[in-house]
Amino acid sequence: PLCSRGGSRFSPSGSSGSVTSSTSQAMEWFCAKESSELASKDSICKRASLLKQMRDATTTPDAKKDLLKQLKEHPAPAYGTTQAIYADFCKIKTNGELPLCTSLRRTAESKKMASWYCASSEEAKQGLWCRRSELVAKLSKLPFTDSSKAEERKAISAQLSSMMKPTPGGGP
């Protein structure tokens, strides 16, 4: 049962390691492809290789320190980029039941449900959940590595923070 131990954690797709494993498979698939229109493919693949070495149990602590330095030279790609890679990977029939792919399907279904609900009425649209979802969607489209977007990220983050502050008396 979920609550049998104090450290129990609900994980609908099994262990988080299985999702990590299938994300690694997706990146290996992407990097093995002959062609890609992405200009950042080399950096994405170098980062995937470094992360794989970091997860290797035989990597020494000193080697991990060196790998961390190298990872800083290859920042994480934009969220949308990795999602596109995963989506293409999950279109392959044999990958459809991997934890990554089932997780992507659940996420897509949740987004469709949220869009439907928030469009269902003006009251729903003005509700905290829909306003928060809209801000989170805007934030996820802004790349971390683009310093020209830093102020926009900061403003949206501030809106989210103020929106989520508890109110006196505990009500909305």
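Colleague: Which element gives the most to the lining of the largest pocket?

Modeller: A pocket is an open set of points on a 1 Å grid over the protein atoms alone, where a 1.4 Å probe fits, with protein on both sides within 12 Å along at least five of seven lines, and its lining residues have an atom within 4 Å of a point. Helices (H or I, at least four residues) and strands (E, at least two) are DSSP runs, numbered from the N terminus. In this predicted model, α7 gives the most to the lining of the largest pocket, with 10 residues, and α5 (99–120) and α7 (128–141) each supply at least two.

Colleague: What is the volume of the largest pocket, and which residues are the closest to its centre?

Modeller: A volume is the space filled by probe spheres set on the grid points, which are joined across faces, edges and corners. For the largest pocket the volume is about 490 Å³; of the 18 residues that line this pocket, the closest to its centre are Lys 111, Ala 114, Ser 133, Glu 134 and Ala 137.

Colleague: How does the lining of the largest pocket divide by class?

Modeller: Ala, Val, Leu, Ile, Met, Phe, Trp, Tyr, Cys and Pro count as nonpolar, Asp, Glu, Lys and Arg as charged, and the others, Gly among them, as polar. The lining of the largest pocket has 8 nonpolar, 4 polar and 6 charged residues.

Colleague: Which residues of α7 are buried, and what covers them?

Modeller: Buried means under 20% relative accessible area, exposed over 50%, and partly exposed in between (1.4 Å probe, protein chains only). In α7 the buried residues are Cys 130, Leu 135 and Leu 139, and their cover includes α5, α6 (122–125) and α8 (150–163). An α-helix has 3.6 residues a turn, so residues three or four places apart point the same way.

Colleague: Where does the largest share of the lining of the second largest pocket come from?

Modeller: The second largest pocket has a volume of about 310 Å³, and of the 17 residues that line it, the closest to its centre are Thr 23, Met 27, Ala 48, Leu 51 and Arg 55. The largest share of this lining, 8 residues, comes from α2.

Colleague: What is the secondary structure of the protein chain, and how should I read the numbering and cut-offs?

Modeller: The chain comes to 8 helices and 0 strands, and buried residues make up 25% of its 172 residues. Residues are numbered from 1 along each chain as its sequence is written, and side-chain values use heavy atoms, with hydrogens and water left out. Because this is a predicted model, local features need pLDDT of at least 70 and side-chain atom pairs count only at pLDDT 80 or more, while totals for chains, interfaces and linings use all residues.

Terms used:
Contact means heavy atoms within 4.5 Å.
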